[in-house]
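Please examine the protein shown below.

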Amino acid sequence: MTRKKTRDRGEWKETPVAHVYKAHLPGLRHNEVRVEVENGRELCIIVEKWVERETRSGRGNLVERARGRFIQTLMLPENSNVHRVKAYMDNGALVINVPKY
């Protein structure tokens, strides 16, 4: 088993049957994160978060809305079976399992 730290807050682990990537995404829910494979072997993690805050005072109401988005792209190894990628959120961490051929 090989473990490699990536430049972000994630970890790449290679097992005999799969490549496993774990990204720490505290405060995010599963419906705010998407995982896609593009251009053959590019694994894309797409995060979109909407925040709305309403403040009421004697002078009126104030509604603030903010939107944030980021995309992280990783190149998968050549022996990756990109058609069988599985991802799930586990306690603030995104776990992506990419089986090998």
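The paragraphs that follow take up these topics in turn.

This is a predicted model, in which local features need pLDDT of at least 70 and side-chain atom pairs count only at pLDDT 80 or more, while totals for chains, interfaces and linings use all residues. Residues are numbered from 1 along each chain as its sequence is written, and side-chain values use heavy atoms, with hydrogens and water left out.

Confidence is expressed as pLDDT (the predictor's confidence in each residue, from 0 to 100). The protein has a mean pLDDT of 88, and 91% of its residues reach 70 or more. Strands here are DSSP runs of E with at least two residues, numbered from the N terminus. Confidence is highest in strand β8 (residues 93–99), at a mean of 96, and lowest in strand β1 (residues 2–5), at 46. Over residues 1–6 the pLDDT is below 50, and this stretch has 15 contacts in the model beyond near neighbours in sequence; a contact means heavy atoms within 4.5 Å. Where pLDDT is low, the predicted coordinates should not be read in detail.

The structure holds one aromatic pair. Rings of Phe, Tyr and Trp (its six-membered ring) pair if their centres lie within 6.5 Å; planes under 30 degrees apart count as stacked, over 60 as edge-to-face and the rest as tilted. The pair formed by Trp-12 and Tyr-21 is tilted, because the ring planes stand at 45°, with the centres 5.9 Å apart. Both Trp-12 and Tyr-21 are buried, where buried means under 20% relative accessible area, exposed over 50% and partly exposed in between (1.4 Å probe, protein chains only).

A salt bridge requires a side-chain nitrogen of Lys or Arg within 4 Å of a carboxyl oxygen of Asp or Glu. By this rule there are nine salt bridges. In one of them, Glu-14 meets Lys-100, with the closest N and O atoms 2.8 Å apart. This pair links distant parts of the chain, since Glu-14 lies in strand β2 (residues 10–14) and Lys-100 in the segment after β8, 86 residues apart. Glu-14 is partly exposed at 26% relative accessible area, whereas Lys-100 is buried at 18%.

Glu-32 and Lys-49 form another salt bridge (3.5 Å, N to O). Glu-32 belongs to the loop between β3 (18–24) and β4 (33–38), and Lys-49 to strand β5 (residues 42–57), 17 residues apart. Glu-32 is buried, at 7% relative accessibility, while Lys-49 is partly exposed, at 28%.

Glu-36 also forms a salt bridge with Arg-34, at 3.0 Å between the closest N and O atoms. Salt bridges that share partners join Arg-34, Glu-36, Glu-48 and Arg-67 into one network.

Definitions and conventions
Helices (H or I, at least four residues) and strands (E, at least two) are DSSP runs, numbered from the N terminus.
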